[in-house]
2 protein chains.
Amino acid sequence: MEFASILSNIQKHISILEVEKNHVCSLITPRKLSKGELVLEQGRICNTINFVESGTLRAFHINKDGKESTIMFAIMDWWITDMYCFLNQRPALLNIEALEDSMVLQLKFAQLESLYRDIPKFERFFRILMQNAYIREQLRVLNNISLTTEERYLEFIQKYPQIVQKVSQKQIASYLGVTPEFLSMVKRKKSAS
Amino acid sequence: MEFASILSNIQKHISILEVEKNHVCSLITPRKLSKGELVLEQGRICNTINFVESGTLRAFHINKDGKESTIMFAIMDWWITDMYCFLNQRPALLNIEALEDSMVLQLKFAQLESLYRDIPKFERFFRILMQNAYIREQLRVLNNISLTTEERYLEFIQKYPQIVQKVSQKQIASYLGVTPEFLSMVKRKKSAS
DNA sequence: CGTCTATTTGAATGTACTCAAAAGCGGTGG
DNA sequence: CCACCGCTTTTGAGTACATTCAAATAGACG
């Protein structure tokens with residue numbers, strides 16, 4: 001079946017009929033991304049929510065001094081967008097780039113709304129998705145304000161081993177909120193101990 | 001009407017019939033809290049999600065060294081719980097305390113599930129609630145990893161002026177992830193400049 | 001009034017950043 | 001296949017940010 005990956009993701013939380021599968025698939029636009037390509041660029045309207053069929057993506061913000069902060073990584077079977085700007089159809093705060101050749105399945109805002117209207121149980125699906133995302137971010141906040149850099153680094157590589165393989169040290173540093181130089185030093189001290 | 005505050009909160013996002021209002025109200029348990037009282041204690045199963053009718057609450061974690069980290073504050077018209085432990089019915093990571101005499105309206109986990117089953121549009125309501133919570137936490141992560149302590153403090157007092165009035169400096173420091181001594185110094189420097 | 005906690009202040013220490021330079025690594029073109 | 005380029009990673013010195021500990025002051029509350 002076409003778009004089997006996203007249907008299987010959906011069926012982790014709700015059960016859907018054959019006719020509903022077809023309906024969902026009819027709304028999806030697949031998009032191939034080359035390494036380094038941006039799906040979303042800071043300042044542009046965020047039109048789509050993206051399901052990662054294959055590859056690796058990174059969402060990050062660049063501040064006025066040019067400093068990058070990584071908000072999230074997404075690999076196979078994850079959803080990624082600039083949620084605030086997607087839902088409010090505002091200029092994006094985030095860039096989203098492909099870290100390697102990737103394939104995403106896109107839903108436009110209006111299509112998601114029509115999906116809620118036509119198949120109400122998708123409210124449930126996205127409720128669960130948002131719930132998990134909230135819990136994840138809240139735990140990350142707790143880590144940020146209560147753990148040392150070394151502890152946060154260790155937790156990151158233990159929690160997301162598949163991501164660690166795909167991204168640079170520099171990007172992990174910008175996810176943890178430290179400089180690459182400092183992360184390098186933390187790792188040296190750790191291996192010395 | 002009884003529980004008018006929570007009905008009005010719900011009607012910010014979905015419209016509900018009179019009969020549905022009655023149904024919701026029948027599921028609610030109001031609970032009066034005295035200043036200092038805990039609604040939830042770390043290690044106990046988190047049974048309820050709490051809507052704040054009046055007063056101020058704080059959710060915080062205490063680590064093995066006894067250090068407190070504040071996850072969130074909640075005032076009138078906010079929802080608060082340890083979401084992960086509530087949804088999974090696990091021992092709580094968080095304490096939730098009343099910072100002043102407060103009144104909360106509680107929903108038990110099984111009651112929320114029955115609500116989803118009986119009135120599916122509550123899936124939509126909580127989808128929107130979770131969505132907003134996710135966006136808020138993600139923005140807080142971005143602030144944590146990209147801004148200075150002074151910038152985060154200024155943003156906090158500007159974003160949540162009603163909360164600032166109710167909570168101590170020490171609690172704000174534990175929300176920002178710095179020591180009270182350091183926050184005090186930041187404020188002094190700021191007023192000097 | 002006295003007690004308890006929060007807040008402020010300061011000194012000493014540790015954590016993290018900046019800047020600069022060297023070393024490592026991957027990709028590209030000749 | 002090798003040489004070169006650009007970027008990442010490492011290393012180090014100097015500086016700034018943040019913590020710890022201790023003590024003084026100020027506020028809140030019974």
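Modeller: Helices (H or I, at least four residues) and strands (E, at least two) are DSSP runs, numbered from the N terminus. Two strands pair if DSSP finds at least two bridges between them. This is a predicted model, where local features need pLDDT of at least 70, side-chain atom pairs count only at pLDDT 80 or more, and totals for chains, interfaces and linings use all residues. Numbering of residues starts from 1 along each chain as its sequence is written, with chains lettered from A and ligands numbered from 1 in the order in which they are written.

Biologist: Which residue of E7(B) stands opposite Leu38(B)?

Modeller: Strand E2 (residues 38–40) of chain B pairs with strand E7 (residues 95–98) of chain B in the antiparallel sense, over two bridges. In E7(B), the residue opposite Leu38(B) is Glu97(B).

Biologist: What is the bridge partner of Phe60(B) in E7(B)?

Modeller: Strand E4 (residues 56–62) of chain B runs antiparallel to E7(B), and four bridges join them. In E7(B), Phe60(B) has as its bridge partner Asn95(B).

Biologist: Which element gives the most to the surface near DNA strand D?

Modeller: A residue is near a strand if its C-beta atom, placed from the backbone, lies within 6 Å of it. DNA strand D has 15 residues around it, with Gln169(A) and Val178(B) among the closest. Helix H8 (169–176) and helix H9 (180–192) of chain A, with helix H9 (180–192) of chain B, each give two or more. The most, six residues, come from H9(A).

Biologist: How many residues of the surface near DNA strand C are charged?

Modeller: Asp, Glu, Lys and Arg count as charged. Of the 15 residues around DNA strand C, those that come nearest include Lys170(B). Four residues of this surface are nonpolar, six are polar and the charged ones number five.
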